[in-house]
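Try each one yourself before reading the solution.

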Amino acid sequence: MRDYLPFIVIGLTTGSVYALAAMGLVVTYTTSGVFNFAHGAVGMVATFVFYSLRENAGVPTVLAMAIAVLVVGPVIGIVIDRVLLRRLHGAPPSSYVVVSLGLLVALQAFIIVLYGPATRPVAAIFSQSTFRMPGVNVGYDQAIIVAIAAAAGIGLMMFFRKNHLGVQTRAVVENPELTELVGSDAARITTFSWMLGCSFAALSGVLLAPLLGVDAVILTLLVIQAFGAAAVGRLVSLPLTYAGALGLGIVASVATKFVARHPSLAGIPTSLPFIVLFVVLVLSPKGSFAEVTTTVARRVRYARHNGHHLPVRTGGGLLAIAAVLPFFLSGSHLLTATSTLAFVLIFASLSLVVGLSRQVSLCHAVFVVFGATTLSHLQQWNVPFLPALLLAGLMLVPVGALVAIPAIRLSGLFLALATFGFGVLAQNLIFSTDFAFGRRAVVELHRPELLGISLHGDRAYYFFVLAIVALGVATIEVVRITRLGRLLRALADSPTAMESIGINPTASRVLVFCLSAFLAAIAGGLLGTLTKVVNPASFDFFQSLLWITVLVTAGAATLGGSVLAAVLLVSAPVVFSGGTFLEWQPVAFGVAAMLLAQAPNGLVGLFVLPDFHRLASRSSWRLGSRRAAERTVSAERTLSKAVA
Amino acid sequence: MALLDVEGLRGGYGTTEVLHGVNLRVPSGCTVLLLGANGAGKTTLLKTIAGSLAPSAGQIRLHDAPIERWKAHRRTRAGICLIPEGRGIFRALSVRENIAMQVKGRGVDAALELAASYFPVLGKRANQAAGTMSGGEQQMLALAHALVTNPELVMADELSLGLAPVIVDEILDALKRMRDEGRALLLVEQYVERALELADYVYILHKGEVVFVGEPAQCASGEVFHRYLGSAA
């Protein structure tokens, strides 16, 4: 037991920081109904401001901390509530997920542009000298952090119990309209809770900085620890969230001592929050996670021509362009074009989930990676290429089902959470095993020979990819117009109505999720065979988040959107040489996704031809309309007068 | 000068217009009974006056000051109180916290005492979660929301819906007491005969328009109801 005490102390310290982040997340979620995926990113920005003030501007530590926690955090909270969320009022839940993802992507990328990706060490904030407790030495800094978190937790609970504003906040959670009727400004109370929540995120980031250093990626992922703890509190209970965070911190810390002896389990401690999140989601009976949401049924705006017929003209035109393109390209440009094609399939498969079913999947990159690694393994066992590619896709179908079934039955938000969890879990735990990359952390793929035609040449391989992608996209377009497609569109509108006419919403959603995983894995196989070498860094889970913002920016509802998304992500950097574009690209996608979250079909939806049918049917345009008739009459009158 | 003056009010939900130009006056200290069949627009009218719904045209004046652009909470603070249809309470909050929504600090005890003077049961249940009380007790608490801020105009939407007759008596007595204390009331009520005893004026709403304005005595014969509501109420 004595051996474990130091680990428990460390765990209590980190757990306390997680508790601050998680309680902030719970405050904003319960009061606004918006689950803020960018919670960690908000803390990260505040922490960088703290770092810059302290290291570069020479501001005293206490003042820098106060500015970060009491000014920067709340200001970001105001911006999120007033600028980003208020205009979304009445949008479907998936739009809210997209906006907070866009914010996460934009903030993280922006800070990396400013500060670079390297971790910077941060000097201790509090005294690191220790005092003796029975059986263990405790640092003053550790004790202070635990005390701050405990005080903040108790303060928060007292605030909601005793304070006038706290009681009003609870009232807004229950019924914003009635809150207005009894004379409280519901909008101001919601803004305040965002200020409070973001301030907690900032505090946890600043306290974490000396332990981990300032690093845009690591601090953004603080939200992950918060997810796990908040899941223990079912996303609504503050005391349970606090306890859950402490428990997570302690168990993760003690586990590091265990896994030191078993290197293969090294990913366990960092993955613990997700294991908890996932287990809680899987074990929760339906209805136990009441989704707090302020969204009201309002007419969702749809893209015109969305899924009532096959886009034969668009598809044919694009296919024709794709078919002649390789004759004008060579070298690296041809590789980029091939990669773009594969990404069209990735985005098209993602659009099945995001655009058609209006669910958000945040582990698409994992499917792509597994597609590539599985294909590589099958090639090593001398399975012929085409069956191997098909098998690689099919292998992912049960995986997709396993991820989707527990979450989809709860609600849209929880699918996003579970897939987010699965994405990070897979990266931490499975990527290093022999199922994926193995010890060497790299897999190799070689291009095959089919029917006596070698695909080793880049142009030949391009046409092979084009054929497979065209087949995949055609499958997706057919799904859109079949009964399954109609069901999914209807489900996105009203699951209750669908259940009342005897349709199981879960089955169709899981089905489409599996199809999406299958096609993503195929695309992964094609991409891997293109680059011939794939390593875990090729598609980390941040890509999954980025892809969502790219797809929403381009347009998630139609084929044109998927093509534009692939072009914007893969081909655009070729045109703009230099690193600056690559750095700013995710920032742009993040911001664009926030702006376009509610647009019916992203950029593609903005650039459609006018509806000539409707214009033509307007009476003033039609021959023989009333105005034309009046003109005729007046002309006749003039004529008859002239004759008289 | 009327306390509340509604002129040419149009409004509804989104693009669906429910109110097609409603005129209505509530003089200070008077009780107005609003009648109409299902879907006539009674609830919509009350919600638009209270500020939960935005009007598309027309004027709402309180003491001659136009308030139709004010947000709901500002109208409430100015003295208009709507007790909405259903149970207008915060179920997760205790009775005391429900009352504390409107009064700060030391005022809470006094407000709770005032509420208990109308409905003694609320005093006994001060620390109980409001959602765990009986339907009648919940409705008393909803009415208490209107008491503690001392509003000039209380609008009540179907207060007696789904309550036992004994409770209805208690609720209507409380309304009578509020009227006797000089508050103006605008009532939507299904117990028409009982409500007529309270009323100074009667408005009948039909398909979003006012089709009858008169005094309760004119309604005594039942002929008015027959003509405008299609039945002898």
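**Exercise 1.** In which loop is the place of R234(A)? Then work out how exposed this residue is.

*Solution.* Keep in mind that you're looking at a predicted model. Start by locating the residue: R234(A) sits in the loop between α10 (222-232) and α11 (238-259) of chain A. Next, look at its backbone: phi is near 55°, a positive value in a residue other than glycine. Finally, count neighbours. R234(A) has 16 other C-beta atoms within 10 Å. A buried residue needs 20 or more and an exposed one 12 or fewer, so R234(A) comes out as partly exposed.

**Exercise 2.** Now hop over to chain B and do likewise for N150(B): where is its place, and does it count as buried or exposed?

*Solution.* First the place: the loop between α6 (135-148) and β7 of chain B holds N150(B). Phi of N150(B) is near 55°, a positive value for a residue that isn't glycine. Now the count: there are 12 C-beta neighbours inside 10 Å. Since the limit for exposed is 12 or fewer, N150(B) counts as exposed.

**Exercise 3.** Trace the open sheet of 6 strands in chain B: what is the strand order, and what kind of pairing does it have?

*Solution.* Walk across the sheet and you'll read β6-β7-β8-β3-β9-β10 of chain B, with mixed pairing. At the edges are β6 (80-83) and β10 (209-214) of chain B, each pairing on one side only. On average, neighbouring strands here are turned by 20° against each other, ignoring direction. Zoom in on one pair: β6(B) and β7 (residues 153-157) of chain B run parallel, joined over 4 bridges. Within that pair, I83(B) has A156(B) in β7(B) as its bridge partner.

**Exercise 4.** Which strands does helix α1 of chain B touch as it packs on the sheet?

*Solution.* Find α1 (residues 42-50) of chain B, then follow its contacts: β3 (31-36), β6, β7, β8 (184-188) and β9 (201-206) of chain B. The direction of α1(B) makes about 145° with that of β7(B). Now look for helix α7 (residues 165-180) of chain B: it lies across β3, β7 and β8 of chain B, at about 150° to β8(B).

**Exercise 5.** Which helix holds E193(B), and why does this residue count as exposed?

*Solution.* The helix is α8 (residues 192-198) of chain B. E193(B) counts as exposed because it has 11 C-beta neighbours inside 10 Å.

Definitions and conventions: Residues are numbered from 1 along each chain as its sequence is written. Chains are lettered from A and ligands numbered from 1 in the order in which they are written. This is a predicted model: local features need pLDDT of at least 70, side-chain atom pairs count only at pLDDT 80 or more; totals for chains, interfaces and linings use all residues. Helices (H or I, at least four residues) and strands (E, at least two) are DSSP runs, numbered from the N terminus. Two strands pair if DSSP finds at least two bridges between them. Axes are lines fitted to C-alpha atoms, for helices over the stretch in contact, and angles run from 0 to 180 degrees between N-to-C directions. Two residues are in contact if their C-beta atoms, placed from the backbone, lie within 7 Å.
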